[in-house]
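Hi everyone, thanks for coming.

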Amino acid sequence: MLAAAWRLSQRAVTSPLLGIGRSQIRNPFSTMASLSPAAASPKRLRVYSSAAADGDGAGSGKRVGTHNGSFHCDEALGCFLIRLTSQFAGADVVRTRDSQKGFSEVFGHGFNTKLSSAGLVYKHFGKEIIAKELGVNEDHEDVHCLYLAIYKSFVEALDAIDNGINQYDTDQPPKYVNNTHLSSRVGRFNLDWTDPDQSLEKENAAFEQAMVLAGSEFMESVRFHVKSWLPARSIVLECLLSKGNIDPSGEIMVLDRFCPWKLHLFELEEELKTDPLTKYVLYQDERSKSWRVQAVAVAPDRFESRKALPEKWRGMRDDELSAETGIPGCVFVHMSGFIGGNKTYEGALEMARAALKF
């Protein structure tokens with residue numbers, strides 16, 4: 001486990017704190033193609049064993065400790081993350097088998113997965129890292145929102161894999177093997193048993209590569225959430241709060257700008273304790289410029305709809321559908337009733353209103 005992660009608040013650093021600029025946080029891998037893995041991480045990275053530290057005088061500055069030998073994704077990411085913080089910016093990474101205290105913390109906020117070393121560092125320093133990426137203070141509401149979302153979508157899986165927690169509650173064997181996830185790819189940086197060079201120096205160089213891979217994918221996740229996820233959530237929230245202006249039922253929501261909306265809608269309705277739940281979402285198709293009426297599913301991972309479009313409309317198109325509904329401009333209704341279309345916003349809204357009455 002990452003030694004510094006347990007002693008985050010207790011360990012005194014051995015040199016003055018080194019600040020780290022926002023530009024470094026925003027793009028720590030901008031020149032990765034032309035740099036070695038060691039140089040690609042913010043601040044010059046030094047990884048060495050505890051034995052080497054005694055021999056060459058290394059470690060005169062700040063140090064982060066982790067175990068040596070075979071490594072995993074959680075300590076590679078944990079070391080990367082802690083070096084993004086102001087307190088441990090530019091710290092050397094010492095890989096050792098000295099005794100390290102364990103821990104049994106969870107992230108909290110409704111998450112109960114036991115933390116790995118990466119999760120522990122993220123729990124304590126994630127808001128600082130995200131705030132630097134956003135260029136705002138840590139107490140900004142967007143920072144907390146992203147802090148939870150990135151743990152849920154990226155960090156928790158690493159915690160679970162490190163602690164041997166299955167993704168599903170079942171005793172059935174998996175139907176296929178997945179060796180393409182981040183933890184597996186990081187694991188492949190470990191020295192192959194056939195390699196004649198099993199030196200600490202080569203092992204440490206491999207760990208640097210693992211840090212770069214895990215860190216780059218973490219930062220990609222952060223930037224996706226900042227650039228795409230958060231703006232979409234804001235749009236869905238605004239539209240959800242305005243749905244009472246669309247129809248007195250409060251069961252029809254209109255997206256004034258298309259964005260990924262499904263997962264945001266479920267999460268926001270749960271957070272806001274929305275009642276009644278949204279039955280239909282209207283949005284404009286960006287290619288055809290016609291309007292869609294989509295029935296909301298009962299859950300993010302389910303195909304069943306809260307209220308599918310009427311069965312008598314399903315499979316119909318164009319004039320036949322308009323004649324059946326009495327609504328001009330109808331384009332189609334899918335055979336399953338989960339989606340339909342109309343040439344105009346007004347027509348799509350009438351389809352949704354009419355469907356609520358069935």
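So, which side chain meets Asp-285 in a salt bridge? That would be Arg-292, with 3.9 Å from N to O. Keep in mind that this is a predicted model. Arg-292 has a relative accessible area of 15%, so we call it buried, since the cut-off is under 20%.

Now, Arg-292 also takes us into the strands, because it stands opposite Gly-341 in β10. Strand β8, residues 291–295, pairs with β10 in the antiparallel sense over four bridges. On β10, Ile-339 and Gly-341 point one way, Gly-340 and Asn-342 point the other way, and all are buried. Gly-341 has Phe-332 opposite it as well.

Okay, back to charges. A search of the whole structure turns up 18 salt bridges. One of them is Arg-223 with Glu-133, where the closest N and O atoms are 3.4 Å apart. Arg-223 sits in helix α9 and Glu-133 in helix α6, so the pair ties together parts 90 residues apart in sequence. Are these two buried or exposed? Glu-133 is buried, at 2% relative accessibility, while Arg-223 is partly exposed at 24%.

Another one is Lys-279 with Glu-251, at 2.7 Å between the closest N and O atoms. Lys-279 is in the loop between α10 and β7, Glu-251 in the loop between α9 and β6, 28 residues apart.

How values were computed:
Residues numbered from 1 in each chain as written. Predicted model: local features only at pLDDT ≥ 70, side-chain atom pairs only at ≥ 80, totals over all residues. Heavy atoms only, no water. Buried < 20%, exposed > 50% of the residue type's maximum accessible area, 1.4 Å probe, protein only. Helix = DSSP H or I, 4+ residues; strand = E, 2+ residues; numbered from the N terminus. Pairing = 2+ DSSP bridges. Salt bridge = Lys/Arg side-chain N within 4 Å of Asp/Glu carboxyl O.
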